[in-house]
Amino acid sequence: MAKKYRYITIGLIIILLPVLIWISYHIYMTFFAPPTLSYIPKGKLIEQIKSPNQDYTLKAYVSSGGATTDYAIRGELIFNKKDIKPKNIYWNYHEEKANIKWIKNNTVIINGHKLIVPNQTYDFRNE
């Protein structure tokens, strides 16, 4: 009889432990993790502009959270000449349009925010 309870206990631990880890991870990411540009909404493509030397393409997307939130702009950097995954470099709230201007091969201004790509990013939540 004791072996039966031991097997049941071990079985419950094997099943419940991954579930508890998964729930804990999502609670942490939702409430305690610092803001990151990895988990922002995709949105609808509104504009895309290539850099002067054609190394990068900046795609701008507008995102709406529905009736309870305002529009936001997401800027995604595409690496045209390298096999690198696209990178979110811009996220700003209370914007519906993207005014994008490349001023150098690796410097872009998005709605007044100057970024040197690919390393600099702008996220309104960090201000």
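These legends accompany close-up views of a predicted model.

**View 1. The open sheet, strand by strand.** Let us start with the whole sheet: five strands form it, in the order S1-S2-S3-S4-S8, and their pairing is mixed. Strand S1 (44-50) and strand S8 (122-123) are the edge strands, each pairing on one side only.

**View 2. Strands S2 and S3 side by side.** Here strand S2, residues 56-64, meets strand S3, residues 71-79, in an antiparallel pairing with nine bridges. A handy pair to look for is Lys59 with its bridge partner in S3, Glu76.

**View 3. Strand S4 and its two neighbours.** Strand S4 spans residues 87-93 and is mostly covered, with five of its seven residues buried. Which sense of pairing, parallel or antiparallel, links S3 and S4? These two strands run antiparallel, joined by six bridges. S4 and S8, in turn, pair in the parallel sense over two bridges.

**View 4. Helix H1 from end to end.** Now we turn to helix H1, which covers residues 2-31 and has 30 residues. From its first C-alpha to its last, H1 reaches 42 Å, close to the 44 Å expected at 1.5 Å a residue.

**View 5. The kink in helix H1.** Where in H1 does the kink lie? Look to Leu16, where the kink is about 25°.

Note on methods:
Residues numbered from 1 in each chain as written. Predicted model: local features only at pLDDT ≥ 70, side-chain atom pairs only at ≥ 80, totals over all residues. Heavy atoms only, no water. Pairing = 2+ DSSP bridges. Helix = DSSP H or I, 4+ residues; strand = E, 2+ residues; numbered from the N terminus. Buried < 20%, exposed > 50% of the residue type's maximum accessible area, 1.4 Å probe, protein only. Expected span 1.5 Å × (residues − 1). Bend = angle between axes of the 7 residues up to and from the residue.
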